[in-house]
Every structure is written in C-alpha cells, then in structure tokens.
Amino acid sequence: MRDQIPIEALPRTSGLTIKRLKSLGVETYEHLAHYYPARYEDYSVVSTIARAQPGETVTLKGTIISFVSNRTKRGLAMQKAVLTDATARIDLVWYNQPYLANTLVPPIEVAVAGEIEIFGKGKTMKPKEYEILPDASAPTQHTGRLVPVYPQTYGLSSKTIREKIATVINYVQEAGDTSDYLPSEIRDMHGLLDENTALHYIHFPKIMHEVDQAKMRLGFDELFIKLLSSRLVRKQWEEETVTHAFSFSKT
C-alpha cells in the first residue's frame, strides 16, 4: 500500500522539502519508511532542572519565560533563553540560530535535550534538540527518548526527516496495513519481527534491544531479497540458455 503513495502526499510538507527528500532517493512512503537512522542519541533520561547535574545528558521540560538575542565578544550571534520548572531555572544557549526568536516566544512550553554545564554560578545547556509542547505532560518525539539521527542533505535536518517518517508510520498503523511478504512460518522459525513492528522499532525504539531486533529482521530481508533475486536471475538465464541454444559453425 505505502509503496504506491508518493511523498508529495505528505501533509504540511513544502515543495522544497519534497525536493530535498527526493535528492536522498526518497520517492514514496515506502522509501521513507526504509530510510534508516545512522545512529541514535540517548535523551531518555528526563530530569527536573534542580536534579540535573553537570556532565549529564538529559531532557528537561518546562516553560521558557524569557528570550533574548545578542552578540558575543567574538561577534557570534547568540540566542539565550531562561527555562523554568517547578524546581528551578536554567539558561539555554544557542548560537547562530536567529529564527528561534520567532519560534520560542515566551511564555512557551518546551522540552530540551542536551548536556548540563556550569557557567559562572549557574547551570546552562546548549540544547541539541528542542520541541514545543502543548503542555508539560505531552509525549515527545525529538527528546525524552532514544532519538534517531538520519543521514542528511543540505537544508534537511534529522528533525524534519523524523517528523515525516512519523507521519508514514502513523499512516500505516491507522490504515491497519498488516501485509508482510515474509510468511509467518519463516518469521517464527528465525525469531523475526513482522515488518511493521520492525519499522516502528528502528525509527521509534524505547530501548536499544528493540533496535537490535529491528536490524535482525530488516537485515534478513536484504539477504533474503538478494538470494531470491539471484535465483530468479539464474532461472531466467537457464531458461534462455535452453530456449536459445548456443551454436558454433566454421566459416
């Protein structure tokens, strides 16, 4: 089903994003579902600001109560926000991302992920990921979990790819598409996941064991398809050899 849906059907997706996805070889929902992460960042530790310690990589949830843009002594554009929760507050710092001034307009609920540092007498974080939340209890996609990082092209971030893949995975679940070219007997024999579960685990794992399970199934698919293709080619070659017998004559 998803192999017949072009990526132009992705909701809320600009023509430029479609063009950049196509530059990665992504033409359909199926291609996007099989665009695998290169690695994962672990932002699964969710902490309050007060408990977060220097050197820890954590996810913080709270309210941005102020946001300013200025320049450092070296001339770098710096964006600085103050995040607060029920326990404390922390400075958030970005560099050369002026668009954030129009995105993170206080007061706004967010989740941010990165390493806790000490600057002066207070805590600070240079977020590697952030996302806007409708409220502090809302589920997260880019923080608060194992976050996949994808091979990228210019102007197309892992965050955007993540969002588009989530659309495809949700579409498959809502459509109730349980098709799997690999028979259940073979899956059971080798202890393999069904394809849809494997795709969910590779993109949205809760733990690394789920990634390992997904890689086993998807790796089996690649090997199975290669083996099947080689046998089909061999069969075709044998049939053509019989049909068109090679002959040699002296002249």
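1. Which residue forms a salt bridge with aspartate 180, and how far apart are the closest N and O atoms? The partner is arginine 187, with 3.4 Å between the closest N and O atoms. A salt bridge here is a side-chain nitrogen of Lys or Arg within 4 Å of a carboxyl oxygen of Asp or Glu. Arginine 187 counts as buried, at 16% relative accessibility. The cut-offs are under 20% relative accessible area for buried, over 50% for exposed, and partly exposed in between (1.4 Å probe, protein chains only).

2. Basis of the values. This is a predicted model, in which local features need pLDDT of at least 70 and side-chain atom pairs count only at pLDDT 80 or more, while totals for chains, interfaces and linings use all residues. Residues are numbered from 1 along each chain as its sequence is written, and side-chain values use heavy atoms, with hydrogens and water left out.

3. Overall description. The protein chain has seven helices and nine strands; these are DSSP runs (helices H or I, at least four residues; strands E, at least two), numbered from the N terminus. Of its 251 residues, 39% are buried. The accessible surface is about 15100 Å², and carbon and sulfur atoms hold 55% of that; areas come from the Shrake-Rupley method with a 1.4 Å probe, and for residues only the protein chains shown count as cover. Among contacts (heavy atoms within 4.5 Å) between residues at least 6 apart in sequence, 57% join residues at least 24 apart.

4. Charged pairs. Side chains of opposite charge can pair when their charged atoms come close. The salt-bridge count comes to nine. Asp180 and Arg187 belong to a network of salt bridges that also links Arg217 and Asp221. Another pair is lysine 126 with glutamate 117, at 2.9 Å from N to O. Lysine 126 is partly exposed at 36% relative accessibility, and glutamate 117 is partly exposed at 27%. Lysine 22 and glutamate 27 also meet in a salt bridge, at 3.8 Å from N to O. Here lysine 22 is partly exposed at 30%, as is glutamate 27 at 37%.

5. Nonpolar cores. A nonpolar core is a set of buried Ala, Val, Leu, Ile, Met, Phe, Trp, Tyr and Cys residues joined through side-chain atoms within 4.5 Å. The largest core has 27 residues, of which Leu10, Leu21, Leu32 and Ile165 touch the most other members. Two or more residues each come from helices H1 (15-22), H2 (29-33), H4 (158-175), H6 (195-203) and H7 (208-243). H4 gives the largest share, five residues. Beyond its neighbours within four places in sequence, isoleucine 165 is in contact with Leu32, Tyr35, Tyr150, His203 and Phe204. A second, separate core has 19 residues, among them Leu83, Ile90, Leu92 and Met125.

6. Helix H1. Its buried residues are Thr17, Ile18 and Leu21. They lie on the same side of H1 because they cover an arc of only 100 degrees around the axis, the arc being that of the directions from the helix axis to the C-beta atoms. Gly15 and Lys19 are exposed on the other side of H1. The buried residues of H1 pack against H2 and H4.

7. Glycine 191. This residue sits in the loop between helix H5 (184-190) and H6. Glycine 191 is exposed, with a relative accessible area of 57%. Its C-alpha atom is 8.7 Å from that of arginine 217, which is 26 residues away along the chain. Arginine 217 is also one of the residues in the salt-bridge network of point 4.
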